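Student: I have a new model open and would like to talk through its fold with you. Could we go step by step?

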Amino acid sequence: MKTSFKLISAFALAFALAGCSSDYVMATKDGSMILTSSKPELDKSTGLLSYEDAQGNERQINNDQVTEVMKR
């Protein structure tokens with residue numbers, strides 16, 4: 001009984017943590033779609049959108065090149 005409770009708790013925790021991060025898709029003017037692992041953040045002083053790509057690398061793109069940001 002105790003083992004099954006621990007197993008169920010572990011699965012519930014893993015499921016809850018998996019739901020915490022949200023993927024976003026950015027559409028660009030040239031027609032490409034960029035998948036991000038978190039919500040892109042705009043730096044108003046430079047006009048650049050900062051995001052983390054699907055491989056975990058920090059990237060930036062000019063906000064003028066992005067047509068839409070959608071939550072996946």
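Tutor: Gladly! Let us begin with a definition: contact means heavy atoms within 4.5 Å. Keep in mind, too, that this is a predicted model.

Student: Which share of the contacts with a separation of 6 or more comes from residues 24 or more positions apart?

Tutor: Here we take the contacts in the protein chain with a separation of 6 or more. Within that set, residues 24 or more positions apart account for 35%.

Student: What pattern does the protein chain follow along the sequence?

Tutor: Start with the inventory: the secondary structure comes to 1 helix and 6 strands. Read along the sequence, these give the pattern α-β-β-β-β-β-β.

Student: In what order do the strands of the open sheet lie?

Tutor: Strand S1, residues 24-28, pairs with S2 in the antiparallel sense over 4 bridges. In that pairing, Tyr 24 stands opposite Thr 36 in S2. The open sheet has 3 strands with antiparallel pairing, and their order is S2-S1-S6.

Student: Why is one side of S2 and of S6 left without a neighbour in the sheet?

Tutor: The sheet is open, with the order S2-S1-S6. Strand S2 (33-36) and strand S6 (66-71) stand at its edges, so one side of each has no neighbour there, because each has a single partner strand.

Student: By how many degrees are neighbouring strands of this sheet turned against each other?

Tutor: This value is an average over neighbouring strands, with direction ignored. On that basis the turn is 20°.

Student: Is Met 33 buried or exposed?

Tutor: Met 33 lies in strand S2. Apart from neighbours within four places in sequence, Met 33 is in contact with Val 25, Met 26, Ala 27 and Met 70. The cut-off for exposed is over 50% relative accessible area. Met 33 has 53% relative accessibility, so this residue counts as exposed.

Student: How far apart in space are Met 33 and Val 66?

Tutor: In sequence, 33 residues separate Met 33 and Val 66. From C-alpha to C-alpha, their distance in space is 9.6 Å.

Student: Which residues form the largest nonpolar core?

Tutor: For context, 18% of the 72 residues of the protein chain count as buried. The largest nonpolar core has 6 residues, namely Met 26, Ile 34, Leu 49, Tyr 51, Ile 61 and Val 66.

Student: What percentage of the accessible surface belongs to carbon and sulfur atoms?

Tutor: The accessible surface of the protein chain comes to about 5700 Å². Of that area, the part belonging to carbon and sulfur atoms is 56%.

How values were computed: Residues numbered from 1 in each chain as written. Predicted model: local features only at pLDDT ≥ 70, side-chain atom pairs only at ≥ 80, totals over all residues. Heavy atoms only, no water. Pairing = 2+ DSSP bridges. Helix = DSSP H or I, 4+ residues; strand = E, 2+ residues; numbered from the N terminus. Axes fitted to C-alpha atoms, helices over the stretch in contact; angles between N-to-C directions. Core = buried A, V, L, I, M, F, W, Y, C linked by side-chain atoms within 4.5 Å. Buried < 20%, exposed > 50% of the residue type's maximum accessible area, 1.4 Å probe, protein only. Areas by Shrake-Rupley, 256 points an atom, 1.4 Å probe, with all protein chains shown as cover.
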